[in-house]
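Student: I have a structure to go through and would enjoy talking it over with you. Shall we take it piece by piece?

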Amino acid sequence: MLLAMKIKAAITAAALASPIALTIAPVAHPADSAITEIAAKPFQYRLAGDFSRDGKPAAAPLRDTILPAHIKIMNRQVTAGEYARCADDGGCPKIPHASAMADRPMVGVSWRDATAYAEWLTNKIGVLHRLPTDEEWVFAAGEKIRDEPLALVDPVDPAQAWIARYEAEANRARPDALDPQPVGTFGINGNGLQDLGGNVWEWTSTCFLRMTLEPTGNARITNTNCGVRVAQGAHRTYITDFIRDPRTGGCAAGVPPANLGFRLVVEDKNWQALQRAIVAAFEPH
Amino acid sequence: MITRRIALLGAAAAALIVTTPALAADDLKLPRQAVELVAPPFVHPHEQATKEGPKIIEFKLTIKEKEVVIDDAGTKFQAMTFNGSMPGPLMVVHEGDYVEVTLVNPETNAMPHNIDFHAATGGLGGGALTHVSPGEQVVLRWKATRTGTFVYHCAPEGMIPWHVVSGMHGTVMVLPRDGLKSREGKALRYDRLYYVGENDLYVPKDEKGKYKTYETIGESFADTTEVMRKLIPTHVVFNGKVGALTGKNAMTSKVGETVMIIHSQANRDTRPHLIGGHGDYVWETGKFINPPEKDLETWFIRGGSAGAALYTFRQPGIYAYVNHNLIEAVELGATAHFKVEGEWNNDLMKQVQPPGPILPGKSSAAETVVKTR
Ligand SMILES: [Cu+2]
């Protein structure tokens, strides 16, 4: 008997720590700092995963929600140079074809690689770094989010919805460039975050769930597959956790993401000390 | 295994799952027959021709991700399989039957899978309607509207080739209701059937040239894909392993017996050849509405198809059944054997003179030339 609350807990994954007391004043120029802090406020969130009602596919519910605490999130994606530090340190797998320039976003990372990086950075700095949940990502992305309730497949006539879905996906704008671009190329959102919905999709910690919608409106989980995680960008997609190149193993259908990268959220009260620690971690030895 | 799911689902939900399959396919008022599948090279009992009307034939395929050994050197391979074998089992039905497959992806697996039946119509052969995550099952029903041998395989978007060359392929045979026929309309029957599934394997090597092993299937993905992209298999095997159909596991027959050999390759072209024998009747493309070709020496199986050949053994002994790219047969593994018992026929073949010293003045080539002048 899982109620909405519990589902939320599952969606936001185990890593989410208890709410943080906020004692720090907002940062003056968030775009200039590595970490941006966003105060919690109500927003709309369309649950990730596959939904059914009475045994038939159903639209994922759109919920009014609020994060339990303010969120601190990198205002840009992790760069190739930063990832290389972790790989040189033995904290992250070396990725054979990583060719990106050091100051551009790291791409070609699997969920496992991204998680390894977060662990490495956590240990290095002594502050919890982790992937955002899908819910956190959607909140942080703000107006950059493209809510795309996918067409529903009717088991009696699967084809109509299938074709509609295909057309919707084919109509998605494709990024002009496939290679990672300089940070900032894809703009800044209202929260001061760069490059959301550009040509790099970002891993989240949210597992792929299959859920049944009950008459009460509650969603009951019928299958949790943490081998597949939500990746976010110009559209939401579900990707197996060891995939590095989404073009060879990603999306369920249609146009796959161009690249897989990530940004992290941090959980720490001491804002200035954290900034200093991060800068120090990446200073040349 | 089940405990985690039960915890998530609650007892009521678990009960719901149990009852779900019964909801499927009650709209068809046809007799049902559940068939227990058998691992290749063998096949489940079936009628070659039937007087009965169409039925719903129920099969269950359980996906098993597992480590297997693929050669005599003990090379370990992270396989993905239907029912634990490479290839998956051969399923036999008759034209007009409905194939109802329960595809089970146990929670012990790591990956989502599905199934595409080349014999089925629409929905990517069923691939679009059968995605199952670990811990799920799905029931698909399709009508067998065409006769022949048809490949089935796993087809998860973006990862299709990897799943297929990792072992997720098999064959469905749809027989004409009145059985197989020659070009002239003569009824053709077999005494035995063997299913040979050929599989090209791409095993990554380390810097020293040694085959690499991986703890999990997921870890093998990136390296394996790189080897796959070069299109040069490290192994080409029948039934999952070098030597799976030789020695103690050689296929057997008797002089006078007619054997049906189904040969599938879900990914790559191949060319079966029975050394010392022939294809008496061969449906090279596997589709029984086309008349079989006769007396073939080698037949061509297009990648992504299955063919069928009938042969009546006329001579006892050991026969090698190979992919007649002999490098693939001998160096990479694509060899099987038939052990055939019976009485030798000297009329068909006789060693007139055993090997011995070359005799001067008699029957040497040079001598023959002189004589004919
Ligand atoms: Cu598969």
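Student: What share of the accessible surface of chain B belongs to carbon and sulfur atoms?
Tutor: Keep in mind that this is a predicted model, so the surface is that of a prediction. The accessible surface of chain B comes to about 17800 Å². The part of it that belongs to carbon and sulfur atoms is 56%.

Student: And how much of chain B counts as buried?
Tutor: Chain B has six helices and 21 strands. Its contacts with a separation of 6 or more come to 74% from residues 24 or more positions apart. Of the 373 residues in chain B, the buried share is 53%.

Student: Let's go to the metal. Which residues of the protein are donors of the copper ion?
Tutor: The donor atoms lie 2.0 to 2.5 Å from the copper ion. In sequence, the donor residues follow the spacing H-x40-C-x8-H-x4-M. Two histidines give ND1, a cysteine gives SG and a methionine gives SD. By name they are B:His113, B:Cys154, B:His163 and B:Met168.

Student: What is the geometry of the copper ion's site?
Tutor: Four donors count as tetrahedral if all angles lie between 85 and 135 degrees. The angles among the four donor atoms here are 89 to 129 degrees. For comparison, the ideal angle for four tetrahedral donors is 109.5 degrees. The site of the copper ion is therefore tetrahedral.

Student: Now the strands. How many of the residues of strand β12 of chain B are buried?
Tutor: This strand covers residues 192–201 of chain B. It is mostly covered. Of its 10 residues, the number buried is nine.

Student: Which residue in β15(B) is the bridge partner of B:Val196?
Tutor: Strand β15 of chain B takes in residues 258–265. Seven bridges join it to β12(B), and the two run parallel. The partner of B:Val196 in β15(B) is B:His263.

Student: Which residue in β13(B) is the bridge partner of B:Glu198?
Tutor: β12(B) and β13(B) run antiparallel. Four bridges join them. The β13(B) partner of B:Glu198 is B:Phe238.

Student: How far apart in space are the C-alpha atoms of B:Gly240 and B:Val196?
Tutor: B:Gly240 sits in the loop between β13 (235–238) and β14 (251–254) of chain B. This glycine is buried, with a relative accessible area of 7%, and it touches B:Val69, B:Ile70 and B:Met86, leaving out residues up to four places away in sequence. B:Gly240 and B:Val196 are 44 residues apart in sequence. Between their C-alpha atoms, the distance is 9.8 Å.

Student: What is the relative accessible area of B:Gly88?
Tutor: B:Gly88 belongs to the loop between β3 (76–82) and β4 (90–94) of chain B. Beyond its neighbours within four places in sequence, its contacts include B:Tyr152, B:His169 and B:Tyr195. B:Gly88 is buried, and its relative accessible area is 0%.

Student: What is the relative accessible area of B:Thr102?
Tutor: B:Thr102 lies in strand β5 (residues 98–105) of chain B. Apart from neighbours within four places in sequence, the residues in contact with it include B:Phe59, B:Leu61 and B:Val138. Buried means under 20%, and B:Thr102 is buried at 18%.

Student: On to chain A. What is the S to S distance in the disulfide of A:Cys86 and A:Cys92?
Tutor: Both A:Cys86 and A:Cys92 are buried. The torsion about their S-S bond is about 90 degrees, so the disulfide is right-handed. From S to S, the distance is 1.8 Å.

Methods
Residues are numbered from 1 along each chain as its sequence is written. Chains are lettered from A and ligands numbered from 1 in the order in which they are written. This is a predicted model: local features need pLDDT of at least 70, side-chain atom pairs count only at pLDDT 80 or more; totals for chains, interfaces and linings use all residues. Side-chain values use heavy atoms; hydrogens and water are left out. Donors are N, O and S atoms within 2.8 Å of the metal (3.2 Å for Na, K and Ca); water is not among the atoms, so sites may look incomplete. Four donors count as tetrahedral if all angles lie between 85 and 135 degrees; four count as square planar and six as octahedral if opposite donors are over 155 degrees apart and all others between 65 and 115; anything else is irregular. Buried means under 20% relative accessible area, exposed over 50%, partly exposed in between (1.4 Å probe, protein chains only). Contact means heavy atoms within 4.5 Å. Accessible areas come from the Shrake-Rupley method with a 1.4 Å probe; for residues, only the protein chains shown count as cover. A disulfide is a pair of cysteine sulfur atoms within 2.5 Å. Two strands pair if DSSP finds at least two bridges between them.
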